[in-house]
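The sequence and structure come first.

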Amino acid sequence: MSYLFDTHCHLADPKFSHSLADDLEIANNHSTSEFLSVGSSTADWFDTLQLAKQFQSIHAALGLHPYFIESDYPSQLEQLELLIASNSVSAIGEIGLDFSKGVTANDSTQMLVFSQQIQLAQTYNLPVSVHCLKAYNPMLNFLKNHPVEGVMHGFAGGAQMAIQFIDAGLHIGINSVLLNQNARRYHELVQCIGLDRLVLESDAPFGMNLDSDAPLASLMKVAIKIAELLECPVQEVIEKTTANAENLFIRKDS
Ligand SMILES: [Zn+2]
């Protein structure tokens, strides 16, 4: 296995609508050959499912992101469950908690919507892709009591917090923020947790340090940086992170 698996990207985003086939090919030339494309609102669920039908390398995740929770969220969740029940979906995501200022849905509504989606993950035996900002402790407490498999995507919470999420059964998603010279805390996180529960992600088109001509081709640079931080061969990083991602997101029964 010598290819990379991008475990969090938004391929239904309009920024890809005219260039996706080319972007996937460029990524493939840079050894990234599998993608978990996350849908985050009613606006992109259908497109995400469509892409997964169109491209063998794309796996669909559907979820309701805290930014897109509307007052009529019960019907949003109903629609989500219908789609999950009737399509081939690889994960629930992007879901999460974001208690930073400016997010419309209040903390308790977010918690309710998140918990219902965790229940969906348990019912349909699916992993999750989780966004978490300014909500690490409530998130951790919830997941300890409602165990699911999946990834804390774009994790920025520090090594000790990461270890607690790993102990709760989660993986940690690392992106190209790692390429920042001054991202010392992020470098230490990788050194502290090692490869066992690590997966890679671009978060394209929103991720940092992405090449605008090749937004899906950043993973090899991240893998090389991880190898440097862990003083191990880059091949080991590629094999381990891809195996972790496949174990989570490629259904054994399909
Ligand atoms: Zn995202």
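In which strand does H131 lie? H131 lies in strand β5, residues 128-133.

## Basis

This is a predicted model, in which local features need pLDDT of at least 70 and side-chain atom pairs count only at pLDDT 80 or more, while totals for chains, interfaces and linings use all residues. Residues are numbered from 1 along each chain as its sequence is written, and side-chain values use heavy atoms, with hydrogens and water left out.

Helices (H or I, at least four residues) and strands (E, at least two) are DSSP runs, numbered from the N terminus.

## Annotated binding positions

An unreviewed UniProt entry lists H131 and H153 under "binding site". UniProt positions follow the numbering used here, feature names are shortened, and annotations may be inferred rather than shown by experiment. The two residues are spread over 23 residues of sequence but cluster in space, with a largest C-alpha distance of 5.8 Å. H131 and H153 are both in the lining of the largest pocket.

H8 is found in strand β1 (residues 4-9).

## Packing of α6 and α7

Helix α6 (residues 159-167) packs with helix α7 (residues 184-193) at about 40°, with axes 9 Å apart. Axes are lines fitted to C-alpha atoms, for helices over the stretch in contact, and angles run from 0 to 180 degrees between N-to-C directions. The pair is therefore oblique; angles under 35 degrees count as roughly parallel, over 145 as roughly antiparallel, 65 to 115 as roughly perpendicular and the rest as oblique.

The contact (heavy atoms within 4.5 Å) is made by A159, A162, I163 and I166 of α6 and L189, C192 and I193 of α7.

## Packing of α3 and α4

Helix α3 (residues 73-86) and helix α4 (residues 107-123) pack at about 15°, with their axes 11 Å apart. α3 is therefore roughly parallel to α4. Among the contact residues are Y73 and L77 of α3 and T109 and L112 of α4.

How values were computed. 1 Å grid on protein atoms, 1.4 Å probe; cavity = no way out; pocket = protein on both sides within 12 Å on 5 of 7 lines; lining within 4 Å.
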